[in-house]
Amino acid sequence: MTHTIGRLGGAVFLILGLLLSGYSTYEGVYAAGFAGTAGTLKVTSCEAKFHHNASRRSRRGTDNVRCHGTFVPAAGTQGERDSRAYVDTRRGYPEGALLDVQQGGPALSLTHLGEDRDYVATDGKRALRWFSGSLGGLVLIGLGIFCTATGYAPFGRGQITYETAWERAGRSPLRRIVIAFLAAGLVGAGLCWLASLFA
């Protein structure tokens with residue numbers, strides 16, 4: 001039972017880490033302009049996604065504005081003009097403003113799954129912060145590998161002690177793998193976030 005709790009907890013860490021890294025990487029490569037079709041979105045209107053004051057305060061610094069308009073692909077690209085385009089931003093823009101965006105695949109939003117195409121604002125600072133999240137997910141993956149392999153659970157009662165689990169991990173390449181994930185995640189995420197402050 002002790003091993004089961006640790007391994008179930010490890011599986012949860014793994015799933016969360018993979019989701020965080022996967023989604024952050026997706027957003028990051030589009031925000032950096034590495035994927036998708038480059039173009040501009042000519043704004044027709046912007047609206048707040050969250051209308052209650054409490055919600056806006058709790059979501060300060062997030063993409064709480066949705067701007068609608070027409071997407072026009074950049075010259076030389078194979079994208080299509082889209083008059084129903086929208087992009088989520090941190091602030092509103094006046095009608096007629098041109099925003100640099102990347103056109104991706106079908107929207108990931110569960111409320112628009114497969115209906116509209118996804119648009120992401122092109123922004124180096126934004127991309128670095130998404131990549132910080134991608135690398136941060138490696139920390140959860142490293143913890144997940146450790147807990148799943150050793151049965152160690154950092155919660156609950158009667159779990160295998162950390163010392164026992166760490167000693168067990170040292171008898172195989174597991175310890176080096178876990179250290180590599182944790183180091184890459186912590187250092188990489190920190191450097192990307194720091195770089196975003198100066199971008």
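These legends describe close-up views of a predicted model. Residues are numbered from 1 along each chain as its sequence is written, and side-chain values use heavy atoms, without hydrogens or water. Local features need pLDDT of at least 70 and side-chain atom pairs pLDDT 80 or more, while totals for chains, interfaces and linings use all residues.

**View A. Gln102 in strand β4.** Gln102 belongs to strand β4, residues 98–106 (strands are DSSP E runs of at least two residues, helices H or I runs of at least four, numbered from the N terminus). Gln102 is buried, because its relative accessible area is 5% (buried is under 20%, exposed over 50%, partly exposed in between; 1.4 Å probe, protein chains only). A polar atom of the Gln102 side chain lies 2.7 Å from the backbone oxygen of Ala35. Residues touching Gln102 include Tyr30, Ala35, Asp118 and Thr122 (heavy atoms within 4.5 Å).

**View B. Tyr26 and Tyr30 in helix α1.** Both tyrosines lie in helix α1 (residues 2–31), 4 residues apart, about one turn of the helix. Tyr30 is buried, with a relative accessible area of 12%.

**View C. An aromatic cluster.** Phe146, Tyr152 and Trp166 form one cluster.

**View D. Arg129 over Trp193.** The charged end of Arg129 sits over the Trp193 ring, 4.6 Å from its centre (NZ of Lys or CZ of Arg within 6 Å of the ring centre and within 35 degrees of the ring normal).

How values were computed
Polar contact = N/O pair within 3.5 Å; in protein donor to acceptor, adjacent residues only side chain to side chain. Phe/Tyr/Trp six-rings, centres within 6.5 Å; stacked < 30°, edge-to-face > 60°. Lists of a residue's contacts leave out its neighbours within four places in sequence.
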